[in-house]
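Visitor: Hi, I've got a protein open on my screen and I'd like to walk through it with you. Can we start?

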Amino acid sequence: MKRTKRDTEASAGRVTRRSLVLGGVQLGVVGALGWRMQQMQVEQADQFRLLAEENRINMRLLAPARGLIFDRNGVPLAENAQNYRIVIVREDAGDVEAALEKLRQLIYIGDDEIERTLKEVSRRSSFVPVTITDQRTWEDVAAVAVNTPALPGITPDVGLTRNYPLGQDYAHVVGYVGPVSDYDLSKMDDDDPLLQIPKFQIGKTGVEQKYEHQLRGKAGARKIEVNAAGRVMRELDRNEGVPGTDLQLTVESRLQNFAEARLALGLSAAAVVMDVRTGDLVAVGNAPSFDPNKFVRGISVSDYGALTGDKHRPLANKAVQGAYPPGSTFKMLVSLAAVEHGLLSSDETIYCGGYTELGNRRFHCWKRGGHGRMNLEQSLQQSCDVFYYELAQRVGIDRIADMARKFGIGEQFDLPMSAVTSGVMPDKQWKRSRYGQEWRVGDSLNAAIGQGYVLSSPLQLAVMTARIASGNRIQPRLVKSINGIETPVVGAEPLDVNEGHLRLVRKGMFAVSNTSRGTGYRSRIEGEGLAMAGKSGTSQVRSVVVNNATVPWEERDHGLFVCYAPYDNPKYAVSVIVEHGGGGSSAAAPVARDILLFALHGELPPLESYPSSDRGKIEELFAGLDLRNDFRPSSTRRSRA
């Protein structure tokens with residue numbers, strides 16, 4: 001078939017258009033490739049160079065500055081101190097033993113530190129720095145720095161470590177940090193890479209432990225370039241991370257220091273001071289105490305053995321962990337249960353002949369000859385046991401337990417301290433569940449005077465006293481603010497208890513401390529407008545103690561005292577226990593009175609606040625107290641290396 005000229009021209013036109021389209025596509029592809037090559041080779045050259053050399057780039061964690069802890073006035077309780085240390089690099093040192101011997105001629109290095117360093121150097125790569133000694137003085141660091149040319153491979157370094165400037169005053173409240181251990185990791189469900197840093201410090205007890213995540217902060221990182229052997233060549237990038245959260249506690253350091261010093265006068269004791277209006281714990285004291293700084297780097301075996309072997313238990317936070325029979329301090333709650341249920345009137349009297357018979361058993365009053373006829377106020381004033389034996393039989397344990405729980409007995413308060421106890425407020429169901437036995441009337445008689453199964457902590461007794469004084473369901477508070485944001489006051493609403501009945505109990509507590517027949521009269525407050533209301537208690541640790549002076553210390557009675565002041569306008573409530581101290585009125589009441597007066601005055605109370613006959617003894621006592629005077633608020637948020 002013969003093609004015409006028109007057909008040939010049409011075919012050529014189609015080829016030309018196709019060629020143009022294909023050429024345009026090819027040109028576009030080539031252009032895109034060229035643009036991408038330019039971007040990769042010029043604009044992103046550094047990034048791809050690093051990716052190509054990824055085997056030479058390492059990421060190293062940076063520990064953030066731990067959050068600080070302050071008291072209510074800004075006085076630092078836990079801070080970050082500069083930690084001067086001396087390190088050695090084996091490949092630079094050459095003969096490590098010779099280098100260490102030269103170092104010992106400049107600064108003191110113990111044999112144990114030398115031995116540990118040699119062991120650590122042998123385990124590490126030759127280019128990894130190993131700490132020879134830390135917690136050194138600036139003079140030591142300066143001496144090493146000046147002599148660096150003569151100390152091959154040895155250099156000074158600086159970092160941060162935890163420091164507790166007030167020492168043992170806050171050991172049981174703030175707690176302490178220590179190096180993270182395999183045991184710690186086994187107990188924690190925490191994948192924070194910071195925990196993998198050798199000797200990284202974490203909270204072990206107290207606030208340090210309970211607020212560990214907030215105080216720890218977030219890890220930073222630095223990107224470093226290393227050579228083929230893994231040696232650091234240069235730092236490429238650095239991110240310091242996020243510092244930990246700062247905490248402000250409700251405690252007041254001058255009062256805390258006084259409470260610790262007052263309790264430490266040969267006593268195994270605890271005290272809690274609570275603001276009646278807010279629930280703030282302004283002091284939580286324990287004696288004996290210990291220095292938490294010893295735990296920061298790891299306490300020695302001998303020091304730890306001395307603490308654990310002490311029968312006065314310095315490591316225990318008795319104020320919140322200790323569970324003791326409350327003794328006669330429990331009688332206010334039994335009284336309230338009776339009057340609230342209409343089983344006792346304010347003017348009704350009960351006869352005390354020295355004992356109550358129940359079956360073939362006698363339940364004795366502490367006053368063997370008896371008190372005669374007693375009304376509610378007098379029963380508290382003179383702490384008559386027989387009065388409360390009678391009330392226990394009228395009211396029954398379940399009603400007593402219900403009333404006690406309204407005032408915090410048997411409640412485990414949510415506070416950031418270690419092992420806060422719930423104590424025990426028994427009732428019929430509790431005994432059935434715990435022992436598989438039915439409740440007996442004799443159990444009620446024991447419970448009515450704060451013995452038997454009833455157990456409470458000094459913290460719970462302080463809460464009880466604050467609620468009696470205020471009539472409100474106030475809750476204890478230890479953390480005042482977190483990073484400057486105030487934590488709320490909880491429990492300001494009134495208790496579901498008749499105010500008139502509360503006044504009856506308060507009147508009885510006033511009589512305890514301010515009438516000549518009151519069990520706490522010898523520890524009264526004389527200052528105008530500062531009258532104290534209180535209640536003593538003695539709790540037995542064995543069935544019968546005829547004379548505390550004739551039995552071993554561990555078998556003597558505990559002495560307790562609870563109080564608040566001023567009576568007409570309550571501000572502070574105090575509870576004190578003196579372990580195995582004997583009677584509450586003789587062992588615990590004077591301590592509680594002194595601590596309460598310090599809280600009211602904000603300083604050592606004037607002698608005029610004491611009975612004139614006691615002022616000489618009080619002046620001598622105050623002169624013998626080891627009190628601090630260096631309570632300066634911090635001027636900066638945190639210490640940095």
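Visitor: What's the phi of Gly450, the residue that follows H19?
Guide: Gly450 has a positive phi, near 70°. Keep in mind that what you're looking at is a predicted model.

Visitor: OK, and helix H19 itself, why is it called largely enclosed?
Guide: Helix H19 covers residues 441–448, and six of its eight residues are buried, so the rest of the structure largely encloses it.

Visitor: Which residues of H19 are the buried ones?
Guide: They are Gly442, Asp443, Ser444, Leu445, Ala447 and Ala448.

Visitor: And what do those buried residues pack against?
Guide: Quite a list! There are helices H14 (331–340), H16 (385–395), H17 (397–406) and H18 (428–435), plus strands S14 (355–358) and S15 (361–364).

Visitor: Is Ser383 buried or exposed?
Guide: Buried: the relative accessible area of Ser383 is 5%, and the cut-off for buried is under 20%.

Visitor: New topic: peptide bonds. What are they mostly, cis or trans?
Guide: Most peptide bonds are trans.

Visitor: Then what kind of bond joins Ala287 and Pro288?
Guide: A cis one, with omega about -5°. Pro288 is in the loop between strand S12 (281–287) and helix H11 (293–296).

Visitor: And the peptide bond from Ala565 to Pro566, cis or trans?
Guide: Cis, with omega near -10°. Pro566 belongs to the loop between strand S20 (558–565) and strand S21 (572–578).

Visitor: Last thing, the surface. Which residues make the nonpolar patch?
Guide: Val25, Val29, Leu33 and Met37 make that patch, and its area is about 370 Å². Met37 is in helix H1 (residues 5–43).

Visitor: How is Met37 classed, and what's its relative accessible area?
Guide: Met37 is partly exposed, at 46%.

Note on methods: Residues are numbered from 1 along each chain as its sequence is written. This is a predicted model: local features need pLDDT of at least 70, side-chain atom pairs count only at pLDDT 80 or more; totals for chains, interfaces and linings use all residues. Side-chain values use heavy atoms; hydrogens and water are left out. Patches are made of residues with over 30% relative accessible area and no salt bridge: like charges are joined within 9 Å, nonpolar side chains (Val, Leu, Ile, Met, Phe, Trp, Tyr) within 5 Å. Accessible areas come from the Shrake-Rupley method with a 1.4 Å probe; for residues, only the protein chains shown count as cover. A salt bridge is a side-chain nitrogen of Lys or Arg within 4 Å of a carboxyl oxygen of Asp or Glu. Helices (H or I, at least four residues) and strands (E, at least two) are DSSP runs, numbered from the N terminus. Buried means under 20% relative accessible area, exposed over 50%, partly exposed in between (1.4 Å probe, protein chains only). Contact means heavy atoms within 4.5 Å.
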